[in-house]
Amino acid sequence: PENTMVFYNGEYRQQLDAVIDHAIRTGTPWQLELQITTAKGRRMWVRSIGHAAFENGVCKRLFGTFQDINERKKATVAIQQSRKLLEDVLQSASEVSIIATDHEGIITLFNKGAEKLLGYSAAEVTGKYSWEILHSPEEVAARGKELSELYKTPIKGFRVFTQIPELEGSEGREWTYVRKDGTATIVSMVVTPIRDNADITGYLGIATDKSEFLANMSHEIRTPLNGVIGFTDLLMKTVLNETQQQYASIVNQSGNSLLSIINDILDFSKIEAGKIELDISKCDLLEFSSQASDILSFQAAQKGIEMLLNVSTDLPRFMWADVVRLKQILLNLLSNAVKFTDQGEIELEIRPVGQPTEGMTTIRFQVRDTG
């Protein structure tokens, strides 16, 4: 054994020492996988198999063989490391819902992003429930009807999610996820088959909450558009000929219209995602109110409607408000008033509510129309 032991060191030497000692004392054979260092300094994996031979109850000799398992062991270790890396990636993707199932649709993996989005713990659903638990039966049935008509064959249940991925490799579409508490959220989801060679062994669904995504993207979406609006504003204040002024004005108006639409979408998404925050700042009340009414005055004049601005003299000159969102709300109300009023007038009234308390005044904004 001393000649053999020279190739072992550290924990592997201790393991082999322990099993040989146990074999000498009890006669128990051994079989274990160890790493050796060859005479040339190469490290390799071997399987050591052996037993002790006894005469009159005394161990006289040891018999053993070694098998070279280096390539197989390295492949196994690589697979284990890859699996560990994949599991770490899947679990660390806490902003993305990642769900895997077996070929029948039973959930086999439910990452932290899925737990956060859907309210279930992985232990609650893994190995117990089909993917269908996350969807409304009505939506699954409706999609099944669409696919059945498209492919001229009955498609229902879990097959609704797998029909197109199996044929085309993947499918990305919007679905409504139903959380554990019964509330619903719209997600953008991609489903792909999991294959072992040609055989499908399961399915993978990667989903992002649409509202959460849009809420997080609000700054990135607004910033370039504000650049377009701001610089066309500056451009229109330079010396331009009539045609150039007209073109710049159209770009500016279009940019403002697009920003208004995007603001509506993003704010709705932020409200859904529970991420809306007010940006309160001090502003001139008179300047603000005249800006809000001026924007709609042109539209009102085109329909022959009078646009009135009624600001109470009892109001302070300055107010604290989220100016962008307040203007957005007032423009929506005034735009609706113009839309549904064919004759008469539209009034934006701003007045105090009650008496000032500790130097603070509550302000009411009110839109009135004759439509």
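Biologist: Is the crossing of H10 and H11 left-handed or right-handed?
Modeller: The model is a predicted one, in which local features need pLDDT of at least 70 and side-chain atom pairs count only at pLDDT 80 or more, while totals for chains, interfaces and linings use all residues. Residues are numbered from 1 along each chain as its sequence is written, and side-chain values use heavy atoms, with hydrogens and water left out. Helices (H or I, at least four residues) and strands (E, at least two) are DSSP runs, numbered from the N terminus. A crossing is left-handed if the near helix is turned anticlockwise from the far one by less than a right angle, and right-handed if clockwise; that of H10 and H11 is right-handed.

Biologist: How are H10 and H11 oriented towards each other?
Modeller: Axes are lines fitted to C-alpha atoms, for helices over the stretch in contact, with angles from 0 to 180 degrees between N-to-C directions. The two axes come within 10 Å and cross at roughly 30°. Angles under 35 degrees count as roughly parallel, over 145 as roughly antiparallel, 65 to 115 as roughly perpendicular and the rest as oblique. H10 and H11 are therefore roughly parallel.

Biologist: How many residues of the contact of H10 with H11 are nonpolar?
Modeller: In this contact (heavy atoms within 4.5 Å), residues of H10 including Phe 288, Ile 295 and Leu 296 meet residues of H11, among them Leu 326, Lys 327 and Leu 330. Ala, Val, Leu, Ile, Met, Phe, Trp, Tyr, Cys and Pro count as nonpolar, Asp, Glu, Lys and Arg as charged, and the others, Gly among them, as polar. The division gives 1 charged, 3 polar and, as nonpolar, 11.

Biologist: What is the phi of Asn 197 in the turn between S7 and S8?
Modeller: S7 (residues 184–196) runs antiparallel to S8, joined by 10 bridges. The two strands form a hairpin with 2 residues between them, and Asn 197 in the turn has a positive phi of about 60°.

Conventions: Two strands pair if DSSP finds at least two bridges between them.
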